[in-house]
Structures are given as C-alpha cells and as structure tokens.
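Hello,

Here is the structure I said I would pass on. Please look at it first; my notes on what was found follow below.

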Amino acid sequence: MFKDLFEWIGSLPPLAQIPVIILAFLVAIALVLFFVEVAPRPGRGYTVLRLAVAVVVPALLLLGLGSEPWNPNPGWTPVVAIIGAVLGAAMFLLDYRARSGRGYLLQLVAFLAPAFLLLIAGLIYPTIQTIIYAFMNNNSANPQFVGFDNFAWIFSQPQNLVVIRNTVLWVVVTPVISTIAGLAYAVFIDRSRGEKFFKILVFMPMAISFVGASIIWRFVYGYRGEGDQFGILNGLVDFVGGSPVNWLQQVPLNTFLLIVVLIWVQTGFAMVVLSASIKNVPTEQLEAAEIDGTNAWQRFWNVTLPGIRPSLIVVLTTISIASLKVFDIVRTMGTAYPDTSVIANEMVTLLQKFEPGRSSAFAVLLFLLVLPIVIYNARQIKKTREVR
Amino acid sequence: MSATPVDLPVTRSGKGAIEATDVRSVVKRTKRRLTSRGATIASLIIALLWTIPTFGLFVTSLRPQSEVVRTGWWSVFVNWDLTIENYQTVLANDNLLASLVNSVSIALPATVIPLVIAAMAAYAFAWIDFTGKDFLFVGVFALQIVPIQMTLVPLLSLFSRGLYINGYEVFEGFKDAGTYTQVWIAHSIFALPLAIFLLHNFVTEIPREVIEAARVDGAGHGQIFFRIVVPLTVPAIASFAIFQFLWVWNDLLVALIFASGKASPITRTLAELTGEFGQNAYLLPAGAFIAMLIPLLVFFALQRFFVRGLLAGSTKG
C-alpha cells in the first residue's frame, strides 16, 4: 500500500513532489517524537497508549509494505501483519517490566528503529545476500551453488587480472600523492597572504561531480588525429614541436592519467583537513624548536609531522576507500580505451550484462580489500570512545 | 584568524582567544622562517595546475561550435571569439532541462530524510544508555565502508521483486512506483552510516548539564531532542546537509542503477552524452558547467559549514 502512496506522489509534477514527500516524512517523524515524549508518563491512559502504539504501528507498517489485503497476491499480508502485532505486544510487555522504567524500551526503539530498519534492509541484508550470490551461478531465476567457480573465473581471465592490477594501482598511488600534494600545499600557504583564496582554488574540484571532472579532463587529454589539438596536453606537445599522442590509448599510462583526475579531486580534501591540523600544532613547540636552532625542514619533520599524525592517517584511509570505490571516472572517461577498468566498474558492467554471480564475486573481492581498513578504523573508534 | 574557513573546529575550546596577541607575535616570527620564495612559487604552481582544467572547460563552454571542433580553447588568447549561444541551446534542450529538475527533485528529499533519521539515531547513541551501545555504534561505523556496489544487486531485486518469506508476502516491492522512490530510499540508506557517525560526534559534545537540567524540568527525550539537541547542533546538521546534497547531486552510480529513464539526473544525462559522439557532444562543456553551478554555489555560499562537517568526521578518528 505504500507503493500506492508513492505512485500517487509520482503522478505529481517533479518539483511538486519535493514538498509532498518531505512534509509527509516530517509529519511521521513528529508523531514519533510526540509519542516518545509522552510514552514514559505514568497513568492508565498512557499505558493504554503505549500498548496501542506498540501493537498497531508494527502491524500497520507491515500491512503497508505488502499489497492490498483484499487483493491477496500471492501471499496473504494480514498474516504477516498479525505476527507484527504479536511481536509488538511482546515488546510492550518487555517494556512494561523494564528495570529502567516504563516506556524506556519503546523510546529507544522509536529513536533507533528507522535508522536500523533502513540499514538492515539496505546495507546488511544486501551485503549478506551478495556474499551468497558470489557462490552461485549467473542464472538469477534459478541460482545454483557453484562453489568457488566465480572466483576461479576472476583469477583465470587475463583481463580480470588487469582489472585487479589497476585497482591496486589506484589504491596505492592516489592516497599517497594526494596526501603529499595536499600537505605540501597546506604547509606552503600556511599563514600566507590570501590563504583562503588559495585554499578555495584547490578545494573547488571537491564540489564538482566526477562526471563533470571527466568532461573537464577531456580537454586536457583529448586527441585529434589531424588538425589543431583540443586537449591542452597535446597542445603543449604541438607547441614544442612533437607529434601529438592519443594519451588514453597508451597502456599502462592511461590508468595513471585517470588516477591523476582523482588526485586532482582528493588533494583539496587532504589539504583542508591537514591545514586545520597544522594550525593545531602548539606554537610553543615550534618556537622551542626554533630556539634550539633547527631549520624549517627539521621543524616540519620533527614537530609538525608527528603533531598531525592522526589526521594524516585519517586522510590516507579516507582517500584509500574513495579510490577503491572509484567508478564514475573510469566509467565516463575510460570505457572507450583499453585496460582501464577497475573492480568497482567491472561489477556494474557485469551486473548490466546479467551476470550477478560474477559481479558479486568481484564485490566480495572488493570488500576483502576494504576489510583491513574497516578493522583498523573500528579499533581507532573504540580507543577514542574508551578515552571518553 | 577566524576569518579563514578551515580553522573553526580547532578553537572550539576557546583557549586561543585569551592569548591571541601573544600567539600572533610568535606566529609572525615563525612565519617568516617557514615561508620561503621557493614555497611560494611551488604553491603558485600547484594552484595554477589545479585551476587550469576547470578554466579550460569554462572557456570552451563559451566558444562557438565551429571553433570548438576546430581549435583548442587556448586559442582564445589570440582569437577572442566568445558567445553564450551554447548555454542558450542547453537551456532550450528539454532533455537536459528535465535532468536538472530531476537532480533537484532527487537531491532535496534525499538530503532531508537521512538527516532527520540519522539525527535521531545519533541522539539515542549519545544520550540514551543501553547495553551493546558501543558494539552497535562501531557496527554502524563499519557499514560506512561497505562498498555501495556490493549492495546493488540485492537491493535492486528487493525493490523490484519484493520480499517473500516462506511464500508469505512481506514486501510487495516498489517496481515502477512513483518517479524517484527508489533513488530517494537508496540515497537515504547509503547516507546513514556517515551521517550517524558525524552527527554523533557533535551531539555528544553538548554539555551533560544542559541535558540534565532539561530532564529535571520534566522534559522527555522527545522534547530534549527537538528543543535542545536539534537547535544546538544546527551547524553540524547544516554541514552534513551540504555534504549530502553535494554527494547526491554529483552521484552517478546510484542514478545509473536505481533511476528510471525519466528520473535520470543531470550527471547521468551528461555521462550518456559523453558516451555518444553525436552532434550534441559540443554541448557538454556548457551542460557540465550548468550542472556544476549549483554545487559550486552551495559550496561557496556555505563552505564554512561544509569544511567543518568534513573535519568533524576526520580529525577525530
């Protein structure tokens, strides 16, 4: 039935849909907040309210997710709704006996449930499902378990090995160079005149989409067989008297040229974060080092760099993850050229070719590559939370 | 010092204000030694290298079609021939115009919805005690790093086929329901882990006394959230709103998978234009620049918030 609601919204003109969906959503949230506010109050009326909400809301939600109950096709939704109501009643009882006071559990659920339902439906369930798909064949109507066949396929195809090699290149080169460039720039312009303006220049690519960036860089790498060049790189080659090169056709140079685009975008991010971090290094330390007769380079190496180490790690990991997931640049710039694909792009390509098994196997591979970063960051968070 | 956009979070403790004059003299002295001529030249070169590509596109977008296909954009320096014709053509092109409208219609709800949901979850993580809180929070953080690509196949089939458990229908699916339904929901889901994490960082920094005082006055969690936490975290909420808006506006992947043809946002339409070497290719620069205009405007107008949001997520790790 929610589907019918969305269908009605979809029948409105595009711009009119914005206020309708936002208002509908905010009204729902307001109701939740109102319930949370009054739930813990004592008195029979409020107890009845808690019971009613606990039973009716899950039932209504499940009823809404299904098709119309008078049009049972093919399962019978009310059965599911009744199960929801029973679970809701159980939750009410649990809440009624809660040690932290009545209404406590319901409040918690009201605050967390929207986020967790979405996360479970949209991230956790699909991730598990993808891992299962990775061991199935490509017949999506009747999937058969095929063990490690999809992975064997990945590692047996030379073009897939190129894809993996490219992904590794992206992850190694992009974070290192963006961070070095961003750090150098942040140090050089630190406390100089017009610092804000200089920052904006380098930070601006962050606000541009990868698609926009790809179009921008077409006019850098572009190649024309005859006549005047339109890519500035070949323009320069022309200017010094060389013969123009079809840059993106050169393997493996083309992968590096695409990496440059991501570096161009990510340097601004690294620069801004590291710049703020540099300003946070105590001036007393720098001054003490200066009194000790160190030069600027030694001060940077021995005082500033250790001081910004945490931000440096964060910047490196963030950019690593971004480069692992890179898709848009390769998709819009590289598809016409040989050997530029990366895992993230290959996954979507296979998906569009209706090969979910192989696509999922690539997804699992990507996840395995990200896993060390997840574990490392989770540890960091735990540490900081313990300190608090 | 506070005029620069990026040193905001650092001075939150306020200790800098007291000894500002002291610090400034020291800063001046150290500054002289830190910046040399070589550094200035290096930074100028970086700034130039980073700006030239965008500038090239801007110039190209202003050149007539006959020139674009014949010469490089730098030839404007000898042959000054600029026109706004391309922009007029783009704005008269129904397809591109509809895509711009789609981008707006996708981006606004896909910013508001995850923001509100994440703020509620962040509040619960910060100010309601329950067992397993730390574990769940780390779990939410870890989800941030799950590649979106990994969720595409199952989420798409969930949307199109629904969910049946043991033959019972739990979810009928959203196949073709509405124009943007799937894109809104997909973007909202993908935004949640980062949003919860960022907002949580801000929400925990509200002094405990403020919350306790409200509680003593008889406010429940609903009022505390709505009357105290939300107003006090407006800067953080604004920063994430900008972040999310830019991310949705610039996204291609989700649009490619979840948007139907008629809901195609500008990034996707431009990407399709890049692919074909048809007669419309010369419109790309102008189209790309118009598509860039909105995020750049948002970015310039609100960059203080934007940068602060980025920093909250990163410098605390």
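This is a predicted model: local features need pLDDT of at least 70, side-chain atom pairs count only at pLDDT 80 or more; totals for chains, interfaces and linings use all residues.

In chain B, strand E1 (residues 163–165) and strand E2 (residues 168–171) run antiparallel and are joined by three bridges.

As for overall dimensions, the C-alpha trace of chain A spans about 85 × 60 × 45 Å along its principal axes. The radius of gyration of chain A is 28 Å, whereas a compact globule of 388 residues would have one near 21 Å.

Next, the contact between the chains. On the chain B side 110 residues take part, and they touch 123 residues of chain A. Helix H6 (residues 94–127) of chain B supplies 15 residues, the largest share of the side of chain B that touches chain A. By residue type, that side of chain B consists of 73 nonpolar, 29 polar and eight charged residues.

Which way does H2(A) lie relative to H6(B), parallel or perpendicular? The axes of helix H2 (residues 14–38) of chain A and H6(B) come within 9 Å and cross at roughly 10 degrees. Angles under 35 degrees count as roughly parallel, and the two helices are therefore roughly parallel to each other.

The residues of H2(A) that meet H6(B) include A:Pro14, A:Leu15, A:Ile18, A:Ile22 and A:Phe25. On the H6(B) side, the residues include B:Val101, B:Asn102, B:Leu108, B:Pro109 and B:Val116. Taken together, the residues of this helix contact divide into 14 nonpolar, three polar and no charged.

Regards

Methods. Residues are numbered from 1 along each chain as its sequence is written. Chains are lettered from A and ligands numbered from 1 in the order in which they are written. Two residues are in contact if their C-beta atoms, placed from the backbone, lie within 7 Å. Helices (H or I, at least four residues) and strands (E, at least two) are DSSP runs, numbered from the N terminus. Ala, Val, Leu, Ile, Met, Phe, Trp, Tyr, Cys and Pro count as nonpolar, Asp, Glu, Lys and Arg as charged, and the others, Gly among them, as polar. Axes are lines fitted to C-alpha atoms, for helices over the stretch in contact, and angles run from 0 to 180 degrees between N-to-C directions. Angles under 35 degrees count as roughly parallel, over 145 as roughly antiparallel, 65 to 115 as roughly perpendicular and the rest as oblique. Two strands pair if DSSP finds at least two bridges between them. The radius of gyration is taken over C-alpha atoms; the globule rule is 2.2 Å times the number of residues to the power 0.38.
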